[in-house]
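I opened this notebook to record what I looked up in one structure. The entries follow the order of my reading.

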Amino acid sequence: MNQIADHLPVLVILLPLCGTLLCPIISHFNINAGKRTVITALFLSIVCAVLQLIQVITTGEAIHYWLGGWAPPIGIEFVIDGLNGVVILLVAIISFTTALYSSPFEKLERIDRIHSAGYYSMLAFLSVGLLGLSSTGDAFNLYVFMEITAISGYGLIAVGEDKGPIASFRYLMTGTIGACMYLLGIGFLYAATGTLNMADLADRLTGLMDSPLIVMSAACLIVGFGIKMALFPLHGWQPAAHSYAHPAADPMIAGIMIKIPAYAMLRFFFCIFDEQSHVMQLFFNAIGVMAVIGILFGSLKALRYDTYNKILAYSSIGQVGYIAMGFAIGNFYGIIGAILHIVSHAFMKAGLFYTSGALKYKYGIHDINELGQVYRKMPVTSLTMVICALSMIGLPPFAGFFSKWYLALGAIEKGNYFYVAVLILSSLLGAIYFFRIMEKLFMGEKTAREKELPEKSRFELPWQMLLPLLTVVAAVILLGLFNAYIVNGVLKTTIWEVVLT
Amino acid sequence: MKENKSRKKLAAGLIIVIIAVGTAAVKIGAFLPTIGDADTPANSYVANYYITNAVKETHSYNIVTAVLADYRGFDTLFETCVLFLSALVTMMVLFGKEKVPKMPVKNLAEDKYSAAFGGDIMDASFRIVVPIILIYGIYVLFHGEISLGGGFQAGALIACAYLLDRIIPSIRMGRGKIKEETALIIASMGAFFYVITGILPMFNGGNFLEFAKLPFGSSLAAESIVKLHTAGILMIEVGVTVCVMGVIIAILEVVLERTDFDE
């Protein structure tokens, strides 16, 4: 037992990796066994993530895991502290629920074993990439995981609906530019310091912050992460990709694939660069402008569309803006708001895409005008939709309220009342487009017809689809109710010690 | 007209971006370290450690292999996974496309001269080249630790031999080929072998990919630890070779079956 406890940080990633590599050969013999291997591996990964987070909280110290036994900066290390322990747990939970959620879609499409094995392999690889992105303490290792995330993302978008391949190709082009920019940024950092380990970089960068290499590197990193997290002027790939991706994988793509780069940006800008320096303040102002325009643009664009997925996709552009705004505010409350928003928005957006997938599964609905009276047949789905939407708008006691609250507190503390006005305005816009959906759902006329499903289930949906919906509802409510504990017990010390030093 | 205008705008925008990037590159060039200068931070810190200690610690005379396979072996594991993933994604995307109906073998025999890959002499000589490429591939794999080479190149060479055998028309045409799914499974097993190499030391009290703790040697003498490093590097190179080979074959087969060369 002790031995296993030593290896938790790497086991979180190794288990899904083994699952995904074994999936093709196991599927060759038994189509269901391959799928179950991946789902089991992802579940075990949650267990490891929980144990690891408990270990971090109880000892109060970051776990350092030296891969290959080489001490950093010679080798690569994983660093798990209170902050990314939470993010890893989030990724593990959403990966597992999404994998579980995917299995009824297979029966619907009656697909052969290569498609099934390939789909689950890609899903697990996406999970591996995101887990790696959030665990690693090495700048180049982060690039490798970013590649894994991106390529599996391209695949999952391309196997989606009819326009999937085109959306995927657009993402491929933009995503490659993003990855190149990140690599350039790392190259400049290496040229200036000669190391790739994040903690070591932070040490060796003191006093170098005004060097043109570092300024250029920070600019490249903003573009690189901005493309990956779909920050306002760099969001071009996002709406199509989120609308046409595979409906079962969409919760993961929309929920966490754009949040983890935001977390990585936090690591770089607050842990590696000296955020008090003159140059970084300029960059934070730039991010703030991007965030404000993005928030308003996303909310206004979302009003224009009648397609459910498009509304959600544009709302994501606004919500990523909130996270960036937290970075721009840059004080304790701003960071707390950004991190809480990463976590809570991941659950809310994943939940909304779960409902979108469920509607496609049962009725084949894309348009919100067809939603009328669906709630009579699908109470749990409608409940999830309502709770997640209310949380997105920012009503207490749901999770979305508290992240916006912390952001507003941070903005007030900094004396920047403009941000507060933007927050309130965009919440009102959010209320308009979400209440429009709810109005159609509860008051519209019944138009949708049920599809022929391969097997009858006792509930409104198969249990594999209900469980993720309920998990998300529970998470949104619990994150709202217990956010004081999460902030004080888990995040507070890490933020003061690691981020704001 | 409208389209023309927007294109002109796009072109103007692109030119501005290119000029901006070019100016930035020229400005930044002056601050980048000089190539080969031993005093720059890029060359004097971690890189210097590798140059001084790599041979002693990993027993790999090729420092590139030492860094790639030992010091930063974890990166290489995921680079291998990126390759596997690329094959997987290619397959998944192209499966939507219909297969080209196979030409009957009989037709091919009659049509032999026009179907030849590069004329009779080329075909015959390429058949002689195939075994030589295979031998060279194996040599590159096992010699990667000492001189240039390694798993990625060896895998590409072996797949290249298969490719030649596959596209040169012969009586065996279509019979000796590997199925796409089999190729994908081979690739996944190659990457899995890499993971296994990393997991083995974990049962012996080491970290993931810590070759010094591979459970093969019993003595703790410095010599045997160095040999364990050699064994570990060789094992992962074999895994990489198998994976790269499977990936290239899988992509090749998927594309070949869906391309009509006669058109």
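The entries below concern an interface, a helix pair and one further helix.

I note that the model is predicted: local features need pLDDT of at least 70, side-chain atom pairs count only at pLDDT 80 or more, and totals for chains, interfaces and linings use all residues. Residues are numbered from 1 along each chain as its sequence is written, while chains are lettered from A and ligands numbered from 1 in the order in which they are written.

Entry on the interface. I found 49 residues of chain A in contact with 46 residues of chain B (C-beta atoms, placed from the backbone, within 7 Å). H6(A) gives the most to this side of chain A, with 11 residues (helices are DSSP runs of H or I, at least four residues, numbered from the N terminus).

Entry on a helix pair. I looked up H4(A) (residues 82–109) and H5(A), whose axes come within 9 Å and cross at roughly 170° (axes are lines fitted to C-alpha atoms over the stretch in contact, with angles from 0 to 180 degrees between N-to-C directions). The two helices are therefore roughly antiparallel (angles over 145 degrees). Among the residues making the contact are Asn84(A) and Glu106(A) of H4(A) and Tyr119(A) of H5(A).

Entry on H20(A). Its 19 residues (463–481) should span 27 Å at 1.5 Å a residue, and the end C-alpha atoms are 26 Å apart, which agrees (the expected span is 1.5 Å times one less than the number of residues). Its buried residues include Met465(A) and Leu479(A) (20 or more other C-beta atoms within 10 Å of a residue's own, placed from the backbone). I noted that the buried residues of H20(A) pack against partners including H4 and H15 (332–362) of chain A.

Notes
Contact = placed C-beta atoms within 7 Å. Parallel < 35°, antiparallel > 145°, perpendicular 65-115°, else oblique. Buried ≥ 20, exposed ≤ 12 C-beta atoms within 10 Å, placed from the backbone.
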